[in-house]
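Work through the exercises below with the coordinates loaded. Each task is followed by a stepwise solution.

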Amino acid sequence: MKRDEGMKLLENGKRLDGRALDEIRDVKIEVGILKRAAGSAYLEWGNNKVLAGVYYPREMHPKFMRDPTKAVLRCTYNMAPFSVDDRKRPGPDRRSQEISKILSEALSSAVIIEDYPDAGIDVSVEILQADAGTRCAGLTAASVAIADAGIPMKDLVSSCAAGKIDGEIAVDLMKEEDNYGESDVPLAILPRKKEVVLLQMDGKLSREEFKRAYKLAFDGAMKVYEIQKAALLSSMNSVKGDGE
Amino acid sequence: MIDVKDRELVFPGRILGDGGGRGGDSFIDGGHIVSSVDGMVRVKGNRVDVIPFRGGYAPKESDVVIGIILQVLRGSWLVDINSFSKAYMRGEEATRDALNSDLSRYFRVGDRISAKISEVNELKSSQLIRPWRLEDGIIIEVNPKKIPRVVGKKRSMLNMIREKTGCRIVVGQNGRIWLKGNNLETAIKAIRKIEREAQSRGLTNRVGEFLSNELQSR
């Protein structure tokens, strides 16, 4: 994409939307908003709007994909046609297939899939509005939805990205920064043991820059973790009912 | 040591303590007891139990479940028990010579039964014994994790609903409840109330009052 001459992503250390370099966008999570799904979550992350739903483990189809030692977790990432500026052609494409795959793999290492031999767990992530960082937003929402369904997990999955804009490393890029910036590093972790379950890199970073980006993304993910916990606890408080 | 208070809310990955007894829905990792689900903890002395709020049914030995016959096979039946895995019932449960007799004479596709799980294998597929045909009546589905509250301590809650409504009720651990008889709607309302308010104190008394009020206003 061509960048307008003289357009600056950074001014006096502040970004286009006034954030500092190590500041993430506002994240808001609502739990259990879909009645038919076993578990669900709606997440707003800056201008990203994501809906995630999950079904209970059930018989896996097609049969040849079954695994008698563990469940197969399949995550489907889908962008709504109206989620981006130019209409997105509906249906799976290379990008959404890739994201579906990495989300499935990241979630598989959090969910205790060994409890459900021969079964399949379907997770779907719908992007209603995209503003960069949708894979992190989708993963964050999906893990909350799985927790809401009561499917056993070793830990929640928290995620955040970092990148390079105008030569500086910044956390949680938004659309303009992602489009005109130099690099993007999405990261997902299991916060309790600080294990990494997703790490990608777009563009170029030097070794030192990468370390800085990793640190920023990690700290961002820990902030997201606190928001996930708060959302789950408040949703449980409301189902706990009266009499307390 | 247990790190949580009694009745505290927990989420997957929450460390509950390091050492001591524990129930299901938790696991041990690096010397810590960790919760694996959303739920409420009950602490009794040096033991911690997680009571999950939601979740599907996983077959467990000696559970009584309500099943629906899916298929009549050679010498056995395939039964749906509201779970991710299959349940089989041997033809010998109904007849001596299962291989040479027409099993659909006993149970056909679509028949509802209550049965006991005698065995769960490593693939979580289960074996049913002692089928009991559930004729007429209706089956409702509730959250399987709330079944212990519907039954109550020493079946107190269930017996109270049975007594007050005069309804015949069979509760399956898999979240299906079969009802037949008088005051069906009132009984169902009471069960839904229990499901909604499962984690609150003094529930049996409140459901008792609710049933009395409902039945009086008829």
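How much area do chain B and chain A bury between them, and what percentage of it is on carbon and sulfur atoms?

The model is predicted: local features need pLDDT of at least 70, side-chain atom pairs count only at pLDDT 80 or more, and totals for chains, interfaces and linings use all residues. Residues are numbered from 1 along each chain as its sequence is written, chains are lettered from A and ligands numbered from 1 in the order in which they are written, and side-chain values use heavy atoms, with hydrogens and water left out.

**Exercise 1: the interface**

Solution. Step 1: take buried area as the accessible area (1.4 Å probe) that two parts lose on being put together, summed over both. Step 2: for chain B and chain A this comes to about 2,700 Å², with 58% on carbon and sulfur atoms. Step 3: B:Phe11, B:Arg54 and B:Phe84 supply 25% of the area that chain B buries against chain A, more than any other three residues. Step 4: count the residues in contact (heavy atoms within 4.5 Å); chain B gives 31 residues and chain A gives 36 residues.

**Exercise 2: salt bridges**

Find the salt bridges across the interface of chain B and chain A.

Solution. Step 1: the rule asks for a side-chain nitrogen of Lys or Arg within 4 Å of a carboxyl oxygen of Asp or Glu. Step 2: it finds four across this interface. Step 3: B:Arg54 forms a salt bridge with A:Asp148, where the closest N and O atoms are 3.1 Å apart.

**Exercise 3: two residues**

Is B:Ser126 buried or exposed?

Solution. Step 1: buried means under 20% relative accessible area, exposed over 50%, and partly exposed in between (1.4 Å probe, protein chains only). Step 2: B:Ser126 counts as buried because its relative accessibility is 2%. Step 3: B:Ser126 lies in strand β12 (residues 126–133) of chain B, a strand being a DSSP E run of at least two residues, numbered from the N terminus. Step 4: leaving out residues up to four places away in sequence, B:Ser126 touches several residues, including B:Pro59, B:Ile81 and B:Tyr88.

Step 1: Step 6: A:Lys194 counts as partly exposed because its relative accessibility is 47%. Step 7: beyond four places in sequence, A:Lys194 touches A:Phe218 and A:Met222. Step 8: A:Met222 is 28 residues from A:Lys194 along the chain, and their C-alpha atoms are separated by 9.4 Å.

Technical notes:
Helix = DSSP H or I, 4+ residues; strand = E, 2+ residues; numbered from the N terminus.
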